[in-house]
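Student: Could we go through this structure together? I would like to begin with the strands and then move on to other parts.

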Amino acid sequence: MMDDSENKTVNPRIAAGAATIGDVIGERLSRRGFLGGLGAVSGLALVGCATGREGAMALAEAPAEAGTEPAFRFAEIMRGMDETHHVAEGYRADLLIRWGDPLFADSPAFDPMNQTAAAQRRQFGYNNDFLGLVPLEADAGGAERALLCVNHEYTSTNIMLPGVTAGYPASMTQALCETEMAAHGGTIVEIRKEDGAWKPVVGSPYNRRITADTTPMRMTGPAAGSARLQTTEDPTGTLVSGTVNNCAGGITPWGTFLMAEENFNGNFLGTLPEGHREAENHKRYGVPSGWYQWGRFFDRYDVGKEPNEPNRFGWIVELDPMDPSSMPKKRTALGRVKHEGAENVIAPDGRVVVYTGDDQRFDYVYKFVTKGKFVAGDRAANMDLLDEGTLYVARFDADGTVAWLPLVHGTGPLTEENGFASQADVLIETRRAADVLGATPMDRPEDVEPDPKTGRVYVMLTNNDRRTDAQVDAANPRASNRFGHIIEIIEPEGDFTSETSRWEMLVRCGDPSVAPVGALWNPLTTENGWFSSPDNCAIDPQGRLWVSTDGNENSGAADGLWALETDGARRGTGRHFFRCPVGAELCGPRFNEAGDALFLAVQHPGDTDGASFEAPGTRWPDFQPAMPPRPSVMVITRNGGGPIGG
């Protein structure tokens, strides 16, 4: 969810000689619908030239003329930042589950002053990110049920663990590192709607914790068994303990949970032996970055002792939430990058397409097309679809074309002469393979969301303040892009497997009332409706787009959730729906099938500059002096019922 080299929401990186954690925390425009629709509305122009308060007020007061009726009808909330959350009038935001809450009948009570790995393995994990829902049959009383699938992306050491900020890293013990490992991974928990409110079912037979250290996983696909995946722990290159830094993800049409491993580089310490073959590979992924101290106590996280260990992370993990005893599988066919997500769709010919962004400045957008086809009603036939297929990387051309370039050994420059001796090498070094193919370096591609009804795909590009004027291109049109943008890919006639697509700019984020920002919004957007740093998104059952942010504080207000119009005369209009407490980002927006419940993940609340366990930016959601801030999942419902958003 975060760029490993950029923003303060990342687990703190400890600079050489730093005494404490606190020391280092420190194009194309769309022609379809947008311009055409605006042509029928007198007096409207692209926003981006108004300046100051008057310009912002002009946006807020823009009349709703003929043909501009909004798709969303809630009263938007104001920009701002304070210690708690806010939701649009007429809606309620209820806590569903918090870090440390029980999952099992024997789960110990949450004790943040004495948290242990053993306790954490029986409790809800830290920094909830992706949220997925797998519906279950209603219970005997007719209550709605589902499995909530949650990624736990990382641990905010400074605000999670007491007494470690001063004296870090020497303050970290093996026991504390084990507690962090136990808080990574994921949670599957049954939830049930009782008396109109959603609640976790403690002790459900479906409930499960997946961790960084105690959950065995199988490597599958073309890279499985490669010598480059072999370690002391697993000389076969086919088994690995755990998963880390799980960011966004996906739920497949056959009901499995895809967990995307993102910033795995931060887990490693140490120095490679001189001249080691993995030196350039590790450098391309930022290994080691040393955000955690695990390598001091566990050899697998010291690249000097286990140089192949990083190659066992950065994959898409698939697991079956219906079977708590099943072994998760790392699907190597989908490539090894810092995966932001794994949203997927069934193409018209029955093949399944998985989209993912590699969340780092100047990295790429990918899609994977299965070789086999989805078989409706035959779950077993679909369970290994993700082991065979073609991985593509995107090149965004100035004429509005997307060329999907196959990452296939022997194709073009992907040959032994260029260091790719097999498909395993192509997948282990997916980034380098994309480099040599000439893919378009993007401004931190995060969530990539396909809409099966329209054939459109929405690409969240969070920001890139390191892009220079010389590096500007059509798909990344701003230098020093602090605010991000959203691109829409149009797959021809809804064929998500196509190797050629079109792309258009949906919005350029940031304040439209400040001309140098270069923002692009529909002029009907109010002063509260624009945002920056788009991260995750969701398409609701009515086909409408919702966008959550990570880094909106760069524009002076808290992160949150916005509704975003994508069609007609209001295309490119934002509307503010939910606001996070200070220090938090918003992740994982997920609607239930009826569209009358919206699940949101509030991650790292209180993680402000200089924050610590003892002095966080907020104590949300408990607001108790002895309780630290707790990442939590919330559920939004409408007063009186009905679909979210009006």
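**Strands, a histidine and a helix**

Tutor: Strands β25 and β26 (residues 545-549) are joined by four bridges and run antiparallel. Please note that this is a predicted model.

Student: Which residue stands opposite V547 of β26?

Tutor: That residue is C537.

Student: What is the strand order of the sheet that holds them?

Tutor: The sheet is open and has five strands, in the order β1-β28-β27-β26-β25, with antiparallel pairing. The edges are taken by β1 (86-87) and β25 (534-539); each has a single partner strand, so one side of each lacks a neighbour in the sheet.

Student: And how do strands of a sheet pair in general?

Tutor: They pair through backbone hydrogen bonds, and the arrangement is either parallel or antiparallel.

Student: Next, the hairpin of β5 and β6. How many residues lie between the strands?

Tutor: Two residues lie between them, and D195 in this hairpin takes a positive phi near 50°. Strand β5 (residues 185-194) runs antiparallel to β6 (residues 197-200), with four bridges joining them. R192 has K199 in β6 as its bridge partner.

Student: Changing topic: is H152 buried or exposed?

Tutor: H152 is buried, at a relative accessible area of 0%. The residue lies in strand β4 (residues 145-152).

Student: Now helix α10. Which of its residues are buried?

Tutor: In α10 (residues 430-437), the buried residues are T430, R431, A433, A434 and L437. Viewed down the helix axis, they fall within an arc of 165°, so they line one face of α10.

Student: Why would residues three or four places apart point the same way?

Tutor: Because an α-helix has 3.6 residues a turn.

Student: Finally, what about the protein chain as a whole?

Tutor: The protein chain has ten helices and 31 strands. Of its 646 residues, 62% are buried. Its accessible surface is about 21,000 Å², and 51% of that belongs to carbon and sulfur atoms.

Terms used:
Residues numbered from 1 in each chain as written. Predicted model: local features only at pLDDT ≥ 70, side-chain atom pairs only at ≥ 80, totals over all residues. Heavy atoms only, no water. Buried < 20%, exposed > 50% of the residue type's maximum accessible area, 1.4 Å probe, protein only. Arc of directions from axis to C-beta. Areas by Shrake-Rupley, 256 points an atom, 1.4 Å probe, with all protein chains shown as cover. Pairing = 2+ DSSP bridges.
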